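Have a look at the structure first, and then read on.

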Amino acid sequence: MSKVRVVCAHDCPDMCSLVAEVENGRVLRIQGDADEAWTAGFACAKVTRDTETVHSPDRLRTPLRRSGPKGSGRFEPITWDAALDEITARWKAIIAESGPEAILGYAYSAHQGHMNRRLVSGLFHALGTSRLQAGTVCDTCCETAWDMTCGPVGGTDPESVVHSDLVIAWGCDLMAVNVHFWALLEKVRKSGVQLVVIDPRRSQTAARADWHLPIRIGTDAALACGIAHILLRDGLLDRDYIAAHTLGFERWSTEVLPNFPPDRVASITGLSVADVERLAAMYGAAKASLIRLGEGMTRLAKGGQALRAVATLPALTGAYGRAGGGALLLAAGSMDFQFGVLNRPSGPASARMVNHLALGEALEEMRDPPLRALFIAANNPAVTNPDVNRLRRGLAREDLFTVVHDPFLTDTARYADIVLPATTYLETEDFYRSYGTYRMQYAPAAVPPQHEARSNFHLAQDLGRRMGLTDRAFSAAPRDLVPEFFKGATGIIAAVDPARVFEGPVKVAPPAAQEFRTPSGRLEIYSETLDRQGVPPMPTWEEDPVEAADAARWPLRLLTAPGYFQAHTAYAASPFLRKREGEPCAILHPEEATRRGLAEGDKVLLFNDRGKVGLVLRVSDEVRPGVVLVPGQRPDGEAVSGTVNMLCDERRTDMGEGACYQSTFLDVAAWQDAA
Ligand SMILES: Nc1nc2c(c(=O)[nH]1)N[C@H]1C(S)=C(S)[C@@H](COP(=O)(O)OP(=O)(O)OC[C@H]3O[C@@H](n4cnc5c(=O)[nH]c(N)nc54)[C@H](O)[C@@H]3O)O[C@H]1N2
Ligand SMILES: Nc1nc2c(c(=O)[nH]1)N[C@H]1C(S)=C(S)[C@@H](COP(=O)(O)OP(=O)(O)OC[C@H]3O[C@@H](n4cnc5c(=O)[nH]c(N)nc54)[C@H](O)[C@@H]3O)O[C@H]1N2
Ligand code: SF4
Ligand SMILES: [Mo]
């Protein structure tokens with residue numbers, strides 16, 4: 001038996017250092033690396049089961065060619081050479097007839113290693129195809145809102161929480177998505193530091209907090225403006241910090257904050273006036289308060305305003321200037337490696353863009369040229385994108401040539417013309433940089449590729465060479481590219497010797513005081529960039545007219561949240577984890593269930609104008625009346641019928657053109673009424 005030190009490549013802010021125990025080419029056990037301080041010797045419940053995923057009997061063994069109608073899942077095995085010959089012949093013919101923009105590479109984040117994630121995008125960049133505006137299904141709204149406020153820079157180092165005197169998990173279920181921060185926080189709380197959770201539902205994190213504020217979905221901007229109103233009213237501002245490090249406070253305090261007195265904020269947010277007052281007083285009294293910003297509050301029409309308003313608060317008390325104080329959304333902005341060698345090895349300066357969340361629209365409506373070929377990797381959009389019914393109509397187009405690269409025959413792969421077997425991260429080497437901590441590491445593969453699987457990196461090189469690309473990235477060994485990432489890197493990365501990342505995890509620390517990389521070099525309460533885009537330039541809360549109209553027609557609003565034992569569909573191959581997560585369900589408050597004559601365990605129909613989904617009902621006061629919570633996004637086959645994103649549409653958020661999963665209104669009825 002040997003032990004291999006690897007890194008978890010799942011889409012997760014923790015980026016754990018792991019130890020894989022390997023024997024005869026099989027991974028027997030996966031544990032957190034005890035020698036790495038952040039990972040602290042434990043992997044999450046999901047990843048300890050990756051032994052099941054890597055050796056799953058359901059892994060794709062060979063390339064496949066479609067032998068039945070699209071979506072039917074009927075395929076026949078073919079060789080790699082036959083598959084690659086067919087793909088490159090089709091692409092070359094399409095480029096000759098319609099130009100490269102008739103092709104779209106559509107790859108996302110299931111492998112967080114930068115080699116495996118970025119070279120696939122680099123392949124399509126070099127070919128000059130249509131380009132993916134990636135991540136709009138995930139974090140472009142919150143990231144853009146952060147950038148408009150603080151600039152493209154990372155937030156507070158999570159490991160500095162040891163210096164915090166108050167922690168607010170604002171729309172973030174730490175016990176689901178950030179378990180190593182949670183573990184560190186639990187230690188800090190023993191010394192009396194309070195944890196406040198602001199979340200529409202009583203998540204596991206909220207249930208263990210000192211105080212949970214069950215805010216109404218989509219009203220966070222009003223609460224943050226209300227806190228600012230009280231800090232101003234009660235003289236709890238750090239005037240020196242505001243004068244030195246912010247832009248626009250005077251206008252905000254005269255034009256916006258007067259509209260957010262506590263009684264109005266209470267009626268918008270569904271919280272009591274007393275709670276709003278108490279929260280502001282607590283926040284105003286703390287010196288080094290840390291807000292862990294979640295992304296969930298930004299997956300709705302005015303999500304950008306919510307994030308901007310909340311991210312402004314630490315400037316008002318000066319918390320951004322103190323160790324342990326401030327806010328953390330993402331860390332990656334401060335670790336600005338030069339990944340161009342992978343991302344943009346060559347290719348035209350610009351090309352037609354396709355919004356990740358709107359693949360359905362692009363497949364149905366794009367002209368001059370229409371999309372004729374699609375390559376999907378590390379992404380399962382037939383389950384995870386909004387409006388999957390429309391997307392599936394697009395994927396079913398007979399004239400579309402689709403290739404899907406995945407370790408499993410997913411709901412998306414069923415629509416492919418050619419399916420290619422992918423490795424999992426345990427079969428790949430890669431360079432990792434965390435997005436939720438300030439760490440980096442190079443890691444080898446734990447075991448060789450299973451069956452005939454090829455890694456994203458290997459496949460991109462194969463396709464690149466066959467398409468005649470001569471850039472170095474398409475022939476280099478992955479290790480040899482690492483020094484390129486450091487060339488010209490600035491800030492905290494400049495001091496790191498690239499050789500160190502091959503030896504083990506490397507921690508870098510941002511300066512204790514928050515940097516701002518906005519045009520003004522200050523935290524921009526007033527953003528000229530937003531003003532030019534026609535977006536309210538100062539954080540504010542306004543009712544979204546489309547949401548208001550839908551709310552008048554439908555009695556319930558969708559709340560979506562990460563699963564504890566599933567993350568999107570990435571762990572669907574583990575029977576143990578599927579069982580732990582339970583059957584795909586919808587959760588209603590007891591009053592809403594009783595009103596509809598529904599009981600725990602009933603099969604129920606969720607419906608609106610866009611679709612119908614069958615799930616199992618759970619009845620619980622963890623959510624408020626007026627809300628239906630659907631945890632996770634599960635494949636069709638696991639649910640009574642369909643998948644939750646059949647109910648969501650392709651609307652875009654106010655900033656970053658992101659997905660509005662939670663701007664979804666619907667009703668729930670007994671399953672028998674489905675007909
Ligand atoms: N309703 C609702 N929908 C949501 C969200 C929500 O909150 N609510 N959240 C959104 C968010 S944040 C995100 S990020 C998206 C995620 O959406 P997806 O990116 O579609 O995520 P997964 O379902 O994990 O799909 C990843 C796929 O990659 C495959 N895979 C794993 N490793 C590799 C590899 O190394 N190579 C290749 N080629 N494939 C690999 C897995 O088998 C899986 O099929 O979903 C979004 N969808
Ligand atoms: N276990 C697990 N881990 C994961 C994932 C997963 O699906 N499962 N997904 C991974 C991915 S792709 C990502 S992007 C990250 C981040 O994943 P995110 O989806 O950003 O997760 P959270 O930050 O927990 O945000 C969701 C929380 O926000 C709450 N929320 C929803 N709407 C609102 C609102 O209007 N206001 C407020 N205040 N709160 C609201 C939800 O109830 C939920 O508790 O996690 C990663 N890690
Ligand atoms: S907590 Fe996140 S990074 Fe750590 S093992 Fe689990 S999924 Fe991977
Ligand atoms: Mo995500």
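Which atom of alanine 176 lies 2.9 Å from a nitrogen atom of ligand 2? A backbone N or O atom of alanine 176 does. This is a predicted model, where local features need pLDDT of at least 70, side-chain atom pairs count only at pLDDT 80 or more, and totals for chains, interfaces and linings use all residues. Residues are numbered from 1 along each chain as its sequence is written, chains are lettered from A and ligands numbered from 1 in the order in which they are written, and side-chain values use heavy atoms, leaving out hydrogens and water.

Here are the polar contacts (pairs of N or O atoms within 3.5 Å):

| Residue | Its part | Atom of ligand 2 | Distance |
|---|---|---|---|
| Alanine 176 | backbone N or O | nitrogen | 2.9 Å |
| Glutamate 295 | polar backbone atom | oxygen | 3.2 Å |
| Glutamine 662 | side-chain N or O | nitrogen | 2.8 Å |

On its own, ligand 2 has 910 Å² of accessible area (Shrake-Rupley method, 1.4 Å probe), and the protein covers 96% of that. Around ligand 2 there are 31 residues, with Asp173 and Arg299 among the closest; a residue counts if one of its heavy atoms lies within 4 Å. They divide into 15 nonpolar, 8 polar and 8 charged. Because domain 3 (156-329 + 514-532) and domain 4 (545-674) both give residues to this shell, ligand 2 lies between them.

Now for the cysteines. The structure holds 0 disulfides, a disulfide being a pair of cysteine sulfur atoms within 2.5 Å. For cysteine 142, the nearest cysteine sulfur, that of cysteine 141, is 6.6 Å away. Cysteine 142 is buried (under 20% relative accessible area), at 0%.

Note on methods: Buried means under 20% relative accessible area, exposed over 50%, partly exposed in between (1.4 Å probe, protein chains only). A polar contact is a pair of N or O atoms within 3.5 Å; within protein, one must be able to donate a hydrogen and the other to accept it, and residues adjacent in sequence count only if both atoms are side-chain atoms. Ala, Val, Leu, Ile, Met, Phe, Trp, Tyr, Cys and Pro count as nonpolar, Asp, Glu, Lys and Arg as charged, and the others, Gly among them, as polar. Domain bounds come from an automatic or database domain assignment.
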